[in-house]
Each structure stands twice: as C-alpha cells, then as structure tokens.
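User: Please take me through this structure in plain terms. I have not seen it before.

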Amino acid sequence: MWTEVLNPVLAGMFGVPEERVFEDFVQRFTYLRRAQTPQEIADAALYLCRAENVTGITLTVAGGGEVH
C-alpha cells in the first residue's frame, strides 16, 4: 500500500521524493523518530505473554505515532 498509494500522495504533501516518503513520515509522526525493529516488537509481545499480572490489554508498539 505504501508504494502504490501513499508514496505518490505523501511525496507531494511532504515535498520529498517518493523513495523518502516512509522515512520522512516516521521522522515527522513518531515519538522515537525511527521505525521499530522486529526485536522491539517481539520484546513487547513477549512481555505480554510472560506478565502474569497483565490481562486484557492492548499494547500499541508504534514508536509513539499512530495513524487512524
């Protein structure tokens, strides 16, 4: 979806080349200013699997940025 739909639209909005759209989006709209690594996402999932005192929780691993 990024390549076919969002890159052309967001490239115009952000004023960056299409190949830089994802990186620019992450820099502008996430708290950490970087994409999350697979290890960070795995760590969050493992935390929820191992935590005996946490039930019924939704944990968003998005670096502080969410698109609604």
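User: What does the accessible surface of the chain come to, and what share of that surface belongs to carbon and sulfur atoms?

Analyst: This is a predicted model, in which local features need pLDDT of at least 70 and side-chain atom pairs count only at pLDDT 80 or more, while totals for chains, interfaces and linings use all residues. Residues are numbered from 1 along each chain as its sequence is written, and side-chain values use heavy atoms, with hydrogens and water left out. Accessible areas come from the Shrake-Rupley method with a 1.4 Å probe, and for residues only the protein chains shown count as cover. The surface of the chain comes to about 5400 Å², and the share of carbon and sulfur atoms is 57%.

User: How many of the elements are helices and how many are strands?

Analyst: Helices (H or I, at least four residues) and strands (E, at least two) are DSSP runs, numbered from the N terminus. Read from the N terminus, the elements run α-α-α. The count is 3 helices and 0 strands.

User: What percentage of the residues count as buried?

Analyst: A residue is buried under 20% relative accessible area, exposed over 50%, and partly exposed in between (1.4 Å probe, protein chains only). The chain has 68 residues, and the buried share of them is 24%.

User: Which residues make up the largest nonpolar core?

Analyst: A nonpolar core is a set of buried Ala, Val, Leu, Ile, Met, Phe, Trp, Tyr and Cys residues joined through side-chain atoms within 4.5 Å. The largest such core has 6 residues: Leu10, Ala11, Phe14, Val16, Val21 and Phe25.

User: Which helix gives the most to this core?

Analyst: The largest nonpolar core has 6 residues. With 3 residues, the helix that gives the most is H1.

User: How many aromatic pairs does the structure hold, and which residues form one aromatic cluster?

Analyst: Rings of Phe, Tyr and Trp (its six-membered ring) pair if their centres lie within 6.5 Å; planes under 30 degrees apart count as stacked, over 60 as edge-to-face and the rest as tilted. The structure holds 2 aromatic pairs. One of them is the tilted pair of phenylalanine 14 and phenylalanine 29, at 6.0 Å centre to centre with 35° between the planes. The cluster consists of Phe14, Phe25 and Phe29.

User: How many residues apart are phenylalanine 14 and phenylalanine 29, and is phenylalanine 29 buried or partly exposed?

Analyst: Phenylalanine 14 is in helix H1 and phenylalanine 29 in helix H2, 15 residues apart, so the pair links distant parts of the chain. Phenylalanine 14 counts as buried, at 13% relative accessibility. Phenylalanine 29 has a relative accessible area of 44%, and therefore is partly exposed.

User: Why is the pair of phenylalanine 25 and phenylalanine 29 classed as it is?

Analyst: Phenylalanine 29 is partly exposed. The ring centres of phenylalanine 25 and phenylalanine 29 are 5.1 Å apart. Because their planes stand at 45°, the pair is tilted.

User: What distance separates the closest N and O atoms of arginine 28 and aspartate 24?

Analyst: A salt bridge is a side-chain nitrogen of Lys or Arg within 4 Å of a carboxyl oxygen of Asp or Glu, and a search of the whole structure finds 1. Arginine 28 and aspartate 24 are 4 residues apart in helix H2, which means about one helical turn separates them. Their salt bridge has its closest N and O atoms at 2.6 Å.

User: Is aspartate 24 buried or exposed, and which residues does aspartate 24 touch?

Analyst: Aspartate 24 counts as buried because its relative accessibility is 13%. Arginine 28, by contrast, is partly exposed at 42%. Contact means heavy atoms within 4.5 Å. Not counting residues up to four places away in sequence, aspartate 24 touches Phe14 and Val16.

User: Where does proline 17 lie, and how far apart in space are proline 17 and asparagine 7?

Analyst: Proline 17 lies in the loop between H1 and H2. At 44% relative accessibility, proline 17 counts as partly exposed. Proline 17 and asparagine 7 are 10 residues apart in sequence, and their C-alpha to C-alpha distance is 8.6 Å.
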